[in-house]
Amino acid sequence: MDQFKTVITSFVPMSDEEFDLVLPIINRATIKKDTNLLEQGQVCQHVYFVESGFFRMFYVDLKGNEINSRFVKSDDFMVDFASFITKKASLYYWKAMEDSKVIVLEHEDVEKLYNKSPAWAKFGRLIAEFGYLLIIERQEILHFQTPEERYKTILKKQPELFQLVSQNHLASYIGIKPESLSRLRKRMIGK
């Protein structure tokens, strides 16, 4: 719980009394490796905070390939904002890559929390803005960088991915085929 509070208050400083407003609405869940926390077609009704573990967000393209969009590790939030806000079916899956523990917050409870506290309302706005910026950054990386530049960006910003995910998952995240990633790695090592 201390880490959850640390992450929350890094976005918005708040008193202990304000933070404690969240305590009655917290649920916890243990998610086994290879379990989908959210599936395509479901409405995302929760915000999750990863206490321990690792998840990947992906979709299945028209050819049946799993395309990775995001990876989430401990001390990070995950939510399909589009589905959460609009109540429409998600286009994504969230899959546990290892046994994980999450804090679960229900949509209705989050809305009530925002209405009770300006500090929590500000947190909600800031975390939504942060999520939006992650999406924009991801799009810009895919649209405006070469595969080699994408590789270097991920190496710089998310070096843990090179140890935590398979070459297939990493290639999908970079937006290239696994064999292209092998050639790219060999080229990078040779430099």
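Which residue in β7 is the bridge partner of Asn36?

Mentor: This is a predicted model, so take everything below as a reading of a prediction. The residue you want is Lys95, which is the bridge partner of Asn36 in β7. The two strands involved, β2 and β7 (residues 93–96), run antiparallel and are joined by two bridges.

Now step back to the sheet they belong to. It is an open sheet of four strands in the order β2-β7-β4-β5, with antiparallel pairing. Your strand β2 (36–38) is at one edge and β5 (66–73) is at an edge too; each has a single partner strand, so one side of each is left without a neighbour in the sheet. On average, neighbouring strands here are turned by 30° against each other, direction ignored. Helix α8 (residues 167–174) lies across β4 (54–60) and β5, and runs at about 100° to β5.

Go back towards Asn36 and look at the loop between β1 (27–31) and β2, where you'll find Asp34. Asp34 isn't a glycine, yet it has a positive phi of about 70°. Its relative accessibility is 52%, and the cut-off for exposed is over 50%, so Asp34 counts as exposed. Asp75 sits in the loop between β5 and β6 (77–78). With a relative accessible area of 32%, Asp75 is partly exposed.

Ser90 is in the loop between α3 and β7. At 2% relative accessibility, Ser90 counts as buried. Its side chain makes a polar contact of 2.5 Å with the side chain of Asp80. Leaving aside neighbours within four places in sequence, Ser90 is in contact with several residues, among them Leu38, Glu39, Gln40 and Ser83. Leu38 takes you back to β2, which covers 36–38.

A polar atom of the Ser83 side chain is 2.6 Å from the backbone oxygen of Lys88. Again setting aside neighbours within four places in sequence, Ser83 is in contact with Gln42, Val43, Cys44, Lys88, Ala89 and Ser90. Gln42 turns up among the contacts of Ser90 too.

The axes of α5 (residues 118–144) and α6 (residues 147–157) come within 9 Å and cross at roughly 150°. From α5, the residues Glu137, Ile141, Leu142 and Phe144 meet Glu149, Arg150, Thr153 and Lys157 of α6. Sorted by type, the residues of this contact are three nonpolar, one polar and four charged.

Technical notes
Residues numbered from 1 in each chain as written. Predicted model: local features only at pLDDT ≥ 70, side-chain atom pairs only at ≥ 80, totals over all residues. Heavy atoms only, no water. Pairing = 2+ DSSP bridges. Axes fitted to C-alpha atoms, helices over the stretch in contact; angles between N-to-C directions. Contact = heavy atoms within 4.5 Å. Buried < 20%, exposed > 50% of the residue type's maximum accessible area, 1.4 Å probe, protein only. Nonpolar A, V, L, I, M, F, W, Y, C, P; charged D, E, K, R; others polar. Polar contact = N/O pair within 3.5 Å; in protein donor to acceptor, adjacent residues only side chain to side chain.
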